[in-house]
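I am opening a notebook on this structure. I will take the whole chain first, then a single residue.

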Amino acid sequence: MSTALVTGASSGIGAATARALAADGWTVICAARRSDRIEALALEIGGRAVVCDVTSEDSVGGLVEAVGPELELLVNNAGGAIGQEPVDQADLDAWQTMYQTNVLGTARVTKALLPALEKARGEIVFMTSTAADAGYEGGAGYNAAKAGERMIAEALRLELFDRDVRIAEICPGMVHTDEFSLNRFHGDQSRANNVYAGVAEPLTAKDIAECVRWIAGLPHHVNIDRITVRPRAQASQFKVFRETK
């Protein structure tokens with residue numbers, strides 16, 4: 001039975017991805033910092049829970065030991081956004097946190113698990129964002145972090161061209177999850193709700209998980225370099241149809 005590892009599996013896209021892969025017959029290792037969440041999820045889907053902080057070298061070392069010598073699929077999902085201030089008001093501590101999780105955390109996990117992925121002729125899926133495509137007001141810190149993560153995926157695909165590991169990138173647009181915008185706005189539920197105000201059907205975590213499931217299930221010679229996924233109402237990063245009452 002093939003094994004998949006999903007980082008950031010305690011909520012949102014990560015948890016939905018773990019469920020989708022398990023339903024397809026994968027043995028899923030659910031990795032995140034919140035032990036209670038991933039233990040409950042692992043019990044639900046018949047997987048395994050491994051507490052891991054991707055910003056910690058020691059923690060990722062423990063993850064490698066838990067994975068073992070072979071890994072068929074790594075979903076680099078851990079990350080997120082903090083704040084939405086313009087550059088002249090930037091909270092650089094928040095920027096550093098975003099860089100530590102989205103960029104260095106992703107690189108740390110990927111580097112550590114690459115031998116196991118190579119041995120299994122596996123695949124890595126990077127969960128970036130349409131925020132990597134272009135800057136927007138208040139988004140510079142997150143834009144930079146997700147663009148940095150994209151560069152890891154692009155460089156790695158070139159570096160591994162003669163090795164049997166697939167590299168895919170998923171770029172979600174507007175996805176309504178319980179925690180992403182709430183975390184971004186430091187628990188301000190009103191600001192989080194306003195992100196999706198008037199949008200009849202933003203994407204859900206399950207929609208993105210379905211993309212992971214599809215990519216992972218393709219024949220081994222097929223590589224999806226990058227897929228951008230938006231709700232129908234979001235024509236671009238800057239053009240969203242919002243219904244008004």
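I began with the fold and counted eight helices and nine strands in the chain. Here helices (H or I, at least four residues) and strands (E, at least two) are DSSP runs, numbered from the N terminus. Next I looked up the radius of gyration: it is 17 Å, close to the 18 Å that the globule rule gives for 245 residues, so the chain is as compact as a globular protein of that length. That radius is taken over C-alpha atoms, and the rule is 2.2 Å times the number of residues to the power 0.38.

I noted that this is a predicted model, where local features need pLDDT of at least 70, side-chain atom pairs count only at pLDDT 80 or more, and totals for chains, interfaces and linings use all residues. Residues are numbered from 1 along each chain as its sequence is written, and side-chain values use heavy atoms, with hydrogens and water left out.

I checked the box: along the principal axes, the C-alpha atoms fill roughly 55 × 40 × 35 Å. I then looked up burial. Of the 245 residues, 48% count as buried (under 20% relative accessible area, with a 1.4 Å probe and protein chains only).

I turned to I170. It sits in strand β6, which covers residues 166-172. Is I170 buried or exposed? I170 is buried, at a relative accessible area of 0%. Leaving out residues up to four places away in sequence, I170 touches several others, among them V125, F126, I208 and V229. Contact means heavy atoms within 4.5 Å. Last, I compared I170 with E154: they are 16 residues apart in sequence and 12 Å apart in space, C-alpha to C-alpha.

Methods. Buried < 20%, exposed > 50% of the residue type's maximum accessible area, 1.4 Å probe, protein only.
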